[in-house]
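Please have the sequence and the model at hand while reading.

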Amino acid sequence: MTMNGLESVMVREDSGFVGGICPAMQTLESVLGEIAPTNIPVLLVGESGTGKAIFAQRLHRLSARSEERLVSIACAAMNPTLLTSELGLNGNGNSEFRAPENSIGTVFFEEISELDSGCQRNLLYALPGDGAPRRGSLSSRVISATSRNLDEEMRAGRFRSELYYRINGVCLRLPPLRDRREDIPILVEFFLTKHAALFARPRPSLSARTMRMLLDHSWPGNIRELENVVKKIVALADEQLAISELTTAPLERLEPVENIEPRGYSLKQAARAASREAERELILKALEHTRWNRKRAAQELQISYKSLLYKLKQIGVQDAESEQRG
């Protein structure tokens, strides 16, 4: 796919980004286009940071009720009284009259598994069933999100099965970023442009080495973590310093290969350790070559002086210059 074709897989919203070129995201986009105009309840499942809230916004904007309000409910902060108030319900779980300009088109329940039993009961009674809608039942489109396994929550008695079947009209599973690495460059480009504009900074161009490191990182925080890293790159104007925490744990000397037992020591761990050791040796050689002139060493290593100081501190040789002079 050419860069000119990226627009077809990039969905820009005021608060984020949805899309990608990986097969899973292309399938999600196709399904989203089919179900968005309907009123079917949607359950979004995915790890924290995978973009569930952005997907909910996308569904609302493509719906027939996009001119009405989208209300997000932070389920972890709800109690039964507050929930009924947020949804415009009375104490019996029935909808109160709302003026048309104030009506709710879509309700998005963030981390719905966090609702306590009282909230679950009130919500269940407020949602329409399979038959004719009850008088006063909630008429808004319902989108729910969870990072937990609701099947396990139901088996443990923490989530009502009746409520699960009401909210799970269509289930969309958002893949973690580690399973869609081909989308990382697209996401990086989007976030670079976004935060350069927000910070009124020049939009940086990343080196091939930095992009490689971004592609290799495991991203336990998913898209949210990636955006935070890109935000730091723009804010600090120093990509090496911004990404240093992704790859540089305190550096250690490698064990000789013959002393390493294969069990419990993965090839990926070995590669990372080798990379850290190689970086350490290059830094020390540059310092020796420049007679411990750190500014010249940074120039030779093609990194900023600030990044070199940070790396020296990590490898425990920040006082090496004074030791050499002593």
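1. Basis of the note. This is a predicted model, in which local features need pLDDT of at least 70 and side-chain atom pairs count only at pLDDT 80 or more, while totals for chains, interfaces and linings use all residues. Residues are numbered from 1 along each chain as its sequence is written, and side-chain values use heavy atoms, with hydrogens and water left out.

2. Overall make-up. The protein has 14 helices and seven strands; these are DSSP runs numbered from the N terminus (helices: H or I, at least four residues; strands: E, at least two). Of the 326 residues, 44% are buried, meaning under 20% relative accessible area with a 1.4 Å probe and protein chains only. Among contacts (heavy atoms within 4.5 Å) with a separation of 6 or more, 72% are between residues 24 or more positions apart.

3. The sheet. Five strands, in the order E4-E5-E6-E3-E7, form an open sheet with parallel pairing; strands pair if DSSP finds at least two bridges between them. At the edges are E4 (69-74) and E7 (170-173), each of which pairs on one side only. Neighbouring strands are turned by 20 degrees against each other on average, direction ignored. E4 and E5 (residues 104-110) run parallel and are joined by six bridges; Ala74 has Glu110 of E5 as its bridge partner.

4. Helices H12 and H13. The axes of H12 (residues 294-301) and H13 (residues 305-314) come within 9 Å and cross at roughly 105 degrees. Axes are lines fitted to C-alpha atoms, for helices over the stretch in contact, with angles from 0 to 180 degrees between N-to-C directions. The two helices are therefore roughly perpendicular, a term covering 65 to 115 degrees. H12 contributes Arg294, Lys295, Ala297, Ala298 and Leu301 to the contact, and H13 contributes Tyr305, Leu308, Leu309 and Leu312. These residues divide into seven nonpolar, no polar and two charged; Ala, Leu and Tyr are among those counted as nonpolar, and Lys and Arg among the charged.

5. Asn222. Is Asn222 buried or exposed? Asn222, in helix H9 (residues 222-236), is buried, with a relative accessible area of 0%. A polar atom of the Asn222 side chain lies 2.9 Å from the backbone oxygen of Ser48. Not counting residues up to four places away in sequence, Asn222 touches Glu47, Ser48, Gly49, Thr50, Pro176 and Leu177.

Note on methods:
Buried < 20%, exposed > 50% of the residue type's maximum accessible area, 1.4 Å probe, protein only. Polar contact = N/O pair within 3.5 Å; in protein donor to acceptor, adjacent residues only side chain to side chain. Parallel < 35°, antiparallel > 145°, perpendicular 65-115°, else oblique.
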